[in-house]
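Reader: I am new to this structure. Please take me through one part of it closely, and keep it brisk.

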Amino acid sequence: MSLSTVRNRFHPYFLGYVIFACLSASVTSATEIARPEISIHPELAAHTPHFEEKVYQIGGNVFSAVGYSLGNVIMIVGEDGVIVVDTGTHPGEAAEAWRELRKHSEKPVRAVVYTHFHPDHWGGVKAIVSPEEVASGKVRIFAHETLVSNVIHQGGAVGPILAMRSGYSFGIGLPPEDREGMNEGIGPEVTQGISGFIYPTDVFADRLEVTIAGVDMEMVHVPSEAPDEISVYLKKEKILLSGETIQGPTLPNIHTLRGTKFRDPLQWYKSIDRLRAFGADHLVPSHGQPIYGADRVEEVLRLTRDGIQFIHDQTLRHMNKGLTPDELAQTVVFPDYLANSKPYLREYYGTVKHAVRQIYTGYLGWFEGDPVDLDPLPSVEASHRYVALMGGRDKVLAVARTAYEDGEVQWAAELATHLVRTNHDDRAARLLKAAAFRHLGYASMNSNWRNWYLTSARELEGDIDPVGHLMEFAGYFSSPDIVAAWPLARVIEGLGPRLAPDKTLDLETTLAFVATDTGEAHALEIRRAVAQFHETIPDRAELTVRAPRLVLVGLLTGRASVGQLMEQGVLQVDGSETRLEELLGMFDPLFSPIRLTVR
């Protein structure tokens, strides 16, 4: 079968059935549909106690605080100090975990390790150490050499959309009744807060051996859940701190629904093999409870890497037979021995279905081989045509309601989607789709799927504020503390994706920026709807802006205006202030209103 026909082979029958069903349906009234009763999938609910707040002791000197934050806070006690591996998502959560850990040792902190760039592994650092302690050399912070650039990317280049999608993934906008008794698959429910950040002092590429407070540690780069992932092995104790190479008591998220760059599963399971070579007696993951005993450690490592390899290999196998992502999601299924491996391969956080889609895209890209997708009709126009073809809005709504009442909630949601696209304010269609999403969410064993379904239902019901909720979610990725840590060069370069082409198509000019306190000096050339960053300032610049670095960061991220800063006497402009305001107005604000996810 050719690639161009494989995805459409059932369409003639399918479409004929839809048309017949819609034309023969009676028109129903636009009465609202009652919400389904709130519930949690029994197995997902039974997973919640795994993350009860508790400090676990591993060996004689390692303590893992589980359940206080999405990620664990881990303390290693040495001869004259302690090392902290990962710090929780924000200082509020970290402070509680730290109080409990301090019951086991009051020795001073000598080092902190960030296992990777996600906020739940560094965002609580300021509850544990201060910037002054790090600046003085009293405390060292270790990380992979690419961590800082990854932190900047997630908070800057894709910060707004990633913040919003993360809010959906973790259900941050859900009311208490939808969160009660829940977990996030890899940890307890996420709480709102503002993440902090302190720059690493020591970075490495592949492997680093170091002794801190008398503790011999080997840090290794193990790209997996994150490209900058590192694990820490304590040689004398034979204890392995895996970071998220072992993501916790769940099937790993080979792809995350909130969005990320390609996670290479082949690289991931090879990284686990690197950890298996240590032959550790105990395993301390950054999510969930520790694993005791060499045999159990090897079993978990082996099962996890086998599960990842199975998904990877079978996806490629069927890709090479011409299957598309939709077909792969129905075809690649775990054998029973993997599917029933509790809890480490159960689908509380990752799923096989959404993993195979990203593997396809990672290897082949978005194009599935059918040229009909090269330049398709806009989705709104296509929905208008489908609705007309099926007999009009009332008939489509009637069939969708019948499908919903018959328990075909996915089909009901798909039909309602066409109506919402044709009229975004069609309340009956929105509420029907929302009710279908609630059914799907309450039935899902996967925390991410559940949160997306239920948050999207609230969006359809009109309970999600796109601006207000965005700013709440942004605290994890682009808080003032994090933005203030960005190098000036990255802030200026980050203006490029915010440039409005319609305002700059005929514009050619250069802006220079000089940080008077740090000496950083860079420029941005605007050239006909393209903004080119210059590491050094060219000979000619229309305007030169001088201010302390943090003032410039505030100006370029929209946290302060030219007028405000001039009035305070902290900004100097070589050129026209009015012109500077005009040029900066050609860039979108860092946090513009985002179109919500439900179409």
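Which residue in β11 does Val232 stand opposite?

Author: Val232 stands opposite Leu241 in β11. Some ground rules come before the rest. This is a predicted model, where local features need pLDDT of at least 70, side-chain atom pairs count only at pLDDT 80 or more, and totals for chains, interfaces and linings use all residues. Residues are numbered from 1 along each chain as its sequence is written, and side-chain values use heavy atoms, without hydrogens or water.

Start with strand β10, residues 230-234. Strands here are DSSP runs of E with at least two residues, helices are runs of H or I with at least four, and both are numbered from the N terminus. In β10, 5 of 5 residues are buried, that is, under 20% relative accessible area; exposed means over 50%, and partly exposed lies in between (1.4 Å probe, protein chains only). Ile230, Val232 and Leu234 point one way from β10. Ser231 and Tyr233 point the other way. In a regular strand the side chains alternate between the two faces of the sheet.

Now the neighbours. Two strands pair if DSSP finds at least two bridges between them. Strand β9 (residues 215-221) pairs with β10 over 5 bridges, in the antiparallel sense. Met217 has Leu234 of β10 as its bridge partner. On to β11, residues 239-243. Its pairing with β10 is antiparallel too, over 3 bridges. β10 and β11 form a hairpin, with 4 residues between them. In that turn, Lys238 has a positive phi of about 55°.

The term means a side-chain nitrogen of Lys or Arg within 4 Å of a carboxyl oxygen of Asp or Glu. By this rule the count comes to 30 salt bridges. In one of them, Asp216 pairs with Lys236, and the closest N and O atoms are 3.6 Å apart. Asp216 sits in strand β9 and Lys236 in the loop between β10 and β11, so the pair ties together parts that are 20 residues apart in sequence. Asp216 is partly exposed, because its relative accessible area is 25%. Lys236 has 61%, so it counts as exposed.

Arg305 and Asp273 meet with N to O at 2.9 Å. This pair links distant parts of the chain: Arg305 lies in helix α10 (residues 294-319), Asp273 in helix α9, and they are 32 residues apart. Arg305 counts as buried, because its relative accessibility is 10%. Asp273 is partly exposed at 27%.

Look at α9 itself, residues 265-276. The expected span of a helix is 1.5 Å times one less than its number of residues. Pro265, Trp268, Tyr269, Ser271, Ile272 and Leu275 are buried in α9. Down the axis, the buried residues fall within an arc of 150°, so they line one face of the helix. The arc is taken from the directions from the helix axis to the C-beta atoms.

Last, a pair within a single helix. Arg579 and Glu582 form a salt bridge, with the closest N and O atoms 3.3 Å apart. They are 3 residues apart in helix α25 (residues 577-584), so about one helical turn separates them. Glu582 is partly exposed at 43%. Elsewhere, salt bridges that share partners join Asp273, Arg276, Glu298, Arg302, Arg305 and Asp306 into one network.
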